[in-house]
Amino acid sequence: MKIIVLVKHVPDAQFDRHLNGEGYTTDRDESILSELDEYALEAALQLAEARGGAKAGNQVIALSMGPSGAVNAVKKSLQMGATEGVHLTDAALAGSDAAATSLALAAAIRHVGPVDLILTGMASTDGETSLVPAQLAERLGLPQVTFASSLTVDGGRLTARRDADTFSETVEASLPAVVSVTDQINEPRYPNFKGIIAAKRKSITTLSLADIGVDPVQVGHAGSWTTVTSAAERPPRTAGTIITDEGDAGIKLVDFLAAQKLL
């Protein structure tokens with residue numbers, strides 16, 4: 001079984017986020033593997049291990065698109081257990097929105113070769129659009145299942161459970177397919193010492209737009225369907241209202257909530 005997992009290098013949520021340049025692109029100097037993508041990677045590893053792992057010919061390929069630093073998302077994926085990595089990087093990719101990103105990723109997946117399954121997280125922790133999985137499936141002409149909270153594969157078909165607020169549904173699709181998984185599907189493993197050492201011997205293939213046959217005008221700011229026209233820093237938080245209890249604190253609290261239209 002050959003599985004591609006899309007992994008994204010995103011700003012670390014522990015630090016403030018900043019935008020750079022005329023296109024207001026995200027500053028990714030302090031970035032990590034997207035937490036939500038770890039669930040997709042774990043799902044892929046479990047599917048591969050259930051079929052005998054790498055020794056039985058199962059492949060889990062971590063694919064990331066981004067600047068030079070994005071290779072760190074691939075490296076962590078290898079430490080967790082992915083068998084190989086692919087890093088799509090090109091200066092022309094900077095500023096790509098979801099549409100341009102899905103176009104480039106679809107071309108990269110075709111370049112890697114026939115696959116049985118493509119897994120993604122439910123969203124990226126920076127953009128949080130959840131658009132790429134569906135767009136990717138459309139570009140590749142594959143069935144898609146989104147927000148899967150459980151996933152099994154039997155032969156040439158997959159079965160997934162999708163949970164809503166008041167109900168759950170079970171859906172099936174034929175392989176190959178694109179599936180996005182939620183953070184309820186599993187508990188991602190931590191890279192152990194053995195995995196970290198083993199990752200150093202695993203290969204990472206670096207691809208450019210020329211390698212995958214994509215014209216630079218199709219991606220980046222030029223190929224994006226959306227653009228950021230303005231941005232401003234979030235204003236500093238103002239001091240809250242302090243109510244001193246002088247026997248009428250309850251009345252003051254009600255008056256405050258009413259003024260905020262919370263009652």
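A word on the basis first: residues are numbered from 1 along each chain as its sequence is written, and side-chain values use heavy atoms, with hydrogens and water left out. Since this is a predicted model, local features need pLDDT of at least 70 and side-chain atom pairs count only at pLDDT 80 or more, while totals for chains, interfaces and linings use all residues.

Let me begin with the parallel sheet, in which 7 strands form an open arrangement in the order S9-S13-S8-S1-S6-S7-S14. Strands here are DSSP runs of E with at least two residues, helices are runs of H or I with at least four, both numbered from the N terminus, and two strands pair if DSSP finds at least two bridges between them. Strand S9 (144-148) and strand S14 (204-207) stand at the edges with a single partner strand each, so one side of each is left without a neighbour in the sheet. From one strand to the next the twist averages 20°, where axes are lines fitted to C-alpha atoms, for helices over the stretch in contact, and angles run from 0 to 180 degrees between N-to-C directions. Within this sheet, S1 and strand S6 (residues 59-65) pair in the parallel sense over 5 bridges, and Leu6 has Leu63 in S6 as its bridge partner.

What lies across S1, S6, S8 and strand S13? That is H1, which runs at about 150° to S8. H2 also packs on the sheet, touching S6, strand S7 (84-88) and S14 (contact meaning heavy atoms within 4.5 Å), and its direction makes about 170° with that of S7.

The antiparallel sheet is an open one of 3 strands, in the order S10-S11-S12. Strand S10 (150-154) and strand S12 (168-174) are its edges, each with a single partner strand, so one side of each has no neighbour in the sheet. S10 and strand S11 (residues 157-163) pair over 5 bridges, and Thr152 stands opposite Thr159 in S11.

Turning to charges, the structure holds 8 salt bridges, each being a side-chain nitrogen of Lys or Arg within 4 Å of a carboxyl oxygen of Asp or Glu. One of them joins Asp126 and Lys8 at 3.1 Å, N to O; Asp126 lies in the loop between strand S8 (117-121) and helix H4 (132-140) and Lys8 in the loop between strand S1 (2-6) and strand S2 (9-11), so the pair ties together parts that are 118 residues apart in sequence. Asp126 is buried, with a relative accessible area of 15%, whereas Lys8 is partly exposed at 30% (buried means under 20% relative accessible area, exposed over 50%, partly exposed in between, with a 1.4 Å probe and protein chains only).

Another salt bridge, between Lys76 and Glu38, has its closest N and O atoms 3.1 Å apart, and this pair links helix H2 (residues 71-80) to helix H1 (residues 35-49). Glu172 counts as exposed at 54%.
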